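Me: Please take a close look at one part of this model. Which contacts does it make, and what lies around them?

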Amino acid sequence: MAVPSYTVVEGGSIITPRGFQAAGLHCGLKKTERNDIGAIVCEVPAAAAAVYTTNIFQAAPLQTTRESLANGVLRAVIVNSGNANACTGKQGDADAYEMRALAAESFGVSADDVAVASTGVIGENLKMDRVRDGIARLSGALSSDANGGEQFSQSILTTDLVKKELCVTVQIDGKPVVIAGAAKGSGMIHPNMATMLAFVTTDAQIGSEALHKLLRRTTDDTFNMITVDGDTSTNDMLVAMASGLSDQKKELNEQHADWTAFAEAFAAVCEHLAKAISRDGEGATKLVEVTVTGAESTDSARAIAKTVIGSSLVKTAVYGADANWGRIIAAVGRAGVPVNPYTVDIKLGDIVVLTASQPVKFDEDIALEYLKGDDVLITVELNMGSEKATAWGCDLTYDYVRINAAYRT
């Protein structure tokens, strides 16, 4: 296995890259005393890019953020949890713009340089008196130390059980460049994007155009390859900001000698966050990884991997530790892409259960023990070409129903 070009920074957070501060606190949007409003602020104009949900019904903050990002620059992100500000009409639009204006005033930046993000219950108006109070207090809570990153990571969570974050460093022009990410997501997770808010910061010197291209390409291989329940949110957003404060000598682009190393490190952060979201799926007990190989095209491999990982029957079989490969082959066949029905091989971990689309005798007890583990790998070899793709998800449990049956109460 190749040695990665990056090194994980233990204890690092979203504000470890140079130039960033963050904060999070409780303002009363959540019923419990958990952080529900947070911010990331850059001390200089940061090159920025974002990708958004594909859901037709998009929450008010997304349009606000699109307008702010028109010039490819951000200074701050303001985010709340506990309320999605989605399907809230003109009042929701006004509230998102007010959040942007309040954050700009509080942090001393232009409103056009502030992104807005929200997550939580759909169809309820924000309690703006509480939002105003929270934003006013955030400026005094901003910090560039570990606590600032911790409080921000906690502020974006909803039904999540754990925070999701990673920080790495990579050598560019012989100098260390830091990339960090923080995300939330647990339910309503399905490509493309999910009930997912994710934020990536870096001190790399990179322009917004190059950053945007990298973000879209990386998203296709990471965040767009996860699913929990097959539902795509109204609020998904992934924002990347680059302060440009590293000591590298030349600006990064695809012609830079260290571009591949930077792209690999950037992808590692995004993949870690994507897998962490899948592992923390509502009620989940296992992370499930589906790798499709031998496909005619990358698009075909992605389509099949996402169909298998999104199958409720596959997910419940994994939960029950049932080596029911029939559910897997059925999902492969309905993915909507060409498949040779006589050449498919399937493995559960290292256990071969299907060869050339024909069943293979295997030890059910060994398969049972494997499927009881925390991580389950399903490999589908199509034997049609050389392309591959990987998708991530989780099992489907009784607790998923319990959590979502009482989401608003």
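Reply: Lys275 is partly exposed, at 25% relative accessible area (under 20% is buried, over 50% exposed, partly exposed in between; 1.4 Å probe, protein chains only). The model is predicted: local features need pLDDT of at least 70 and side-chain atom pairs 80 or more, while totals for chains, interfaces and linings use all residues. Numbering starts at 1 along each chain as its sequence is written, and side-chain values use heavy atoms, without hydrogens or water.

Lys275 has a salt-bridge partner, Glu271. Their closest N and O atoms are 4.0 Å apart (the rule: a Lys or Arg side-chain nitrogen within 4 Å of an Asp or Glu carboxyl oxygen). Glu271 is partly exposed too, at 32%. Both residues sit in helix α6, four residues apart, about one turn of the helix (DSSP runs: helices H or I, at least four residues; strands E, at least two; numbered from the N terminus).

Now move to Arg279. This residue forms a salt bridge with Asp375, with 2.7 Å between the closest N and O atoms. Arg279 lies in helix α6 and Asp375 in strand β14 (residues 375-381), so the bridge ties together parts 96 residues apart in sequence. Arg279 is partly exposed, with a relative accessible area of 39%. Asp375 is partly exposed as well, at 41%.

Another salt bridge pairs Arg217 with Glu254, the closest N and O atoms being 3.5 Å apart. This pair links distant parts of the chain: Arg217 is in helix α5 (residues 208-221), and Glu254 is in the loop between β9 (237-242) and α6, 37 residues apart. Arg217 is partly exposed at 38%. Glu254 is partly exposed at 46%. The total is twelve salt bridges.

Next come the aromatic rings. The structure holds four aromatic pairs (Phe, Tyr or six-membered Trp rings with centres within 6.5 Å; planes under 30 degrees apart are stacked, over 60 edge-to-face, the rest tilted). Phe152 and Phe199 make an edge-to-face pair, 5.5 Å centre to centre with 75° between the planes. Phe152 belongs to helix α4 (residues 146-155) and Phe199 to strand β8 (residues 197-202), so this pair ties together parts 47 residues apart in sequence. Phe152 is buried, at 0% relative accessibility. Phe199 is buried at 2%.

Phe262 and Phe266 form a tilted pair, 6.2 Å centre to centre, with 40° between the planes. That brings us back to helix α6 (residues 259-279), where these two are four residues apart, about one helical turn. Phe262 and Phe266 are both buried. Trp259 joins them: ring pairs link Trp259, Phe262 and Phe266 into a cluster.

Asn85 is not a glycine, yet its phi is positive, near 45°. Asn85 sits in the loop between β4 (73-83) and α2 (89-107). Asn85 is buried, at 0% relative accessibility. Asp173 also has a positive phi, about 55°, although it is not a glycine. Its place is the loop between β6 (164-172) and β7 (175-184). Asp173 is buried, with a relative accessible area of 19%.
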